[in-house]
Amino acid sequence: MKTKKVKLKLKQGVIKKLKIIGVILGVLLVAYMFYCKQLSQFTELGYSREASKKILFSEHKEYILTVKENKTLNAAFESEDFKDKYLKNYAKISFVDHKSLIKNINKLLEKGYSNSDVSIILTHGSEEDVIEFTKRERVRYLEEFLDFPYAKIKYYDRYIAYTDETGEDEKTTVIHVNLNMDKKEYEDAVTEDVFSYDMLVNKFHYLEEEFIPNDLIEISEEYRGGTEVVLANRTAVNAVIQMIESASIDGLELVVNSSYRSHADQIEIAEFYRKWYGDNYVENYIAKPGYSEHQTGLAFDMGSKKSKTFADSKEYEWIIKNAHKYGFIARFTKRGQSITGYRSEPAHFRYVGKEIAEYIYKHNITFEEYYVMFLDK
Ligand SMILES: [Zn+2]
């Protein structure tokens with residue numbers, strides 16, 4: 001009997017304790033649910049859990065609820081560099097995925113840049129470029145150059161120097177500098193070592209002697225102007241044949257006079273022309289070895305079977321209107337001379353694929369301009 005009583009007492013004690021624990025747990029649960037609900041106001045807006053927690057315990061809750069989703073604010077609340085005084089600036093500045101985003105924003109705001117200036121700076125360079133830019137004195141003509149989406153903050157000084165020296169407008173300046181045209185031709189050239197249909201080869205984009213295009217095949221005799229073997233990239237050859245066949249339906253006789261030329265071929269050609277036409281001609285019309293598009297296997301010098309002067313032929317009239325449908329562009333036009341660095345060369349066509357060719361044709365621009373706008377990363 002005695003033991004039973006003790007057991008009962010013990011049991012009652014345990015139950016009491018359990019009850020208290022239960023109540024505490026219940027309260028905690030309710031508190032936790034309340035906390036989660038509060039947090040979800042922000043996570044549902046797109047803020048991370050980490051940022052949401054900080055927002056919840058800050059004095060900016062109401063403000064965030066009015067701003068709603070904002071990636072830069074999210075990054076700010078996640079960052080150790082968050083500054084209260086810049087809260088409203090963060091909300092208006094473009095987000096970029098840089099680790100030091102908030103630190104850089106703070107530095108730029110401290111220098112006196114406006115929110116839109118900061119956005120411009122952030123969206124025109126890599127993280128490293130931005131960090132470098134935060135170290136310099138505040139610049140004056142930011143928007144003039146960086147209004148163009150393809151302008152780069154790392155070239156800022158070069159833009160200023162180029163426009164001072166040449167008097168070119170901002171857009172031309174940005175395009176020229178991005179193409180390295182403020183540097184010396186054939187020097188400081190970028191080496192291109194990967195074959196692609198949109199590769200750029202010019203006086204500032206170089207091919208090594210060893211560079212050989214993908215898939216070189218011979219163009220069969222019926223499509224050639226001469227008897228010599230002509231090689232080119234397979235896809236480009238198929239396109240040129242299609243183009244020639246289409247022209248022939250209209251009674252025209254287009255031919256390929258030249259296409260792929262190796263480094264060594266290019267040296268030979270330059271020497272040949274130098275003998276007959278002199279240095280000046282070679283400088284204006286013949287690319288130096290490594291700088292010739294013919295080494296890509298994507299360039300075609302076209303001709304007419306009927307007419308000696310291609311530019312005056314019916315074939316020329318046709319190809320100028322139709323080449324883009326087959327993925328070709330007239331590469332060296334009169335209009336493009338100041339950018340390509342070559343005099344007009346009516347016979348020279350370049351395969352770039354239909355999409356790019358159509359764009360270039362429609363907008364009447366050079367391949368260089370297209371490259372700056374869409375290909376140069
Ligand atoms: Zn050519």
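**View 1. The protein chain has 18 helices and eight strands.** Helices (H or I, at least four residues) and strands (E, at least two) are DSSP runs, numbered from the N terminus. This is a predicted model: local features need pLDDT of at least 70, side-chain atom pairs count only at pLDDT 80 or more, and totals for chains, interfaces and linings use all residues. Residue numbers start from 1 along each chain as its sequence is written.

**View 2. The C-alpha atoms of the protein chain fill a box of roughly 125 × 55 × 35 Å along the principal axes.** The radius of gyration of the protein chain is 33 Å, whereas a compact globule of 377 residues would have one near 21 Å. The radius is taken over C-alpha atoms, and the globule rule is 2.2 Å times the number of residues to the power 0.38.

**View 3. Helix H17 spans residues 354-363 and has buried residues Ile356, Ala357 and Ile360.** Seen down the axis of H17, these buried residues fall within an arc of 100°, so they line one face of the helix. The arc is that of the directions from the helix axis to the C-beta atoms. Glu355, Lys362 and His363 are exposed on the other side of H17. A buried residue has 20 or more other C-beta atoms within 10 Å of its own, an exposed one 12 or fewer, and a partly exposed one a count in between; C-beta atoms are placed from the backbone.

**View 4. The buried residues of H17 pack against strand E7 (328-332) and helix H18 (367-375).** Contact means that the C-beta atoms of two residues, placed from the backbone, lie within 7 Å. Asn364 follows H17, and its phi is positive, near 50°.
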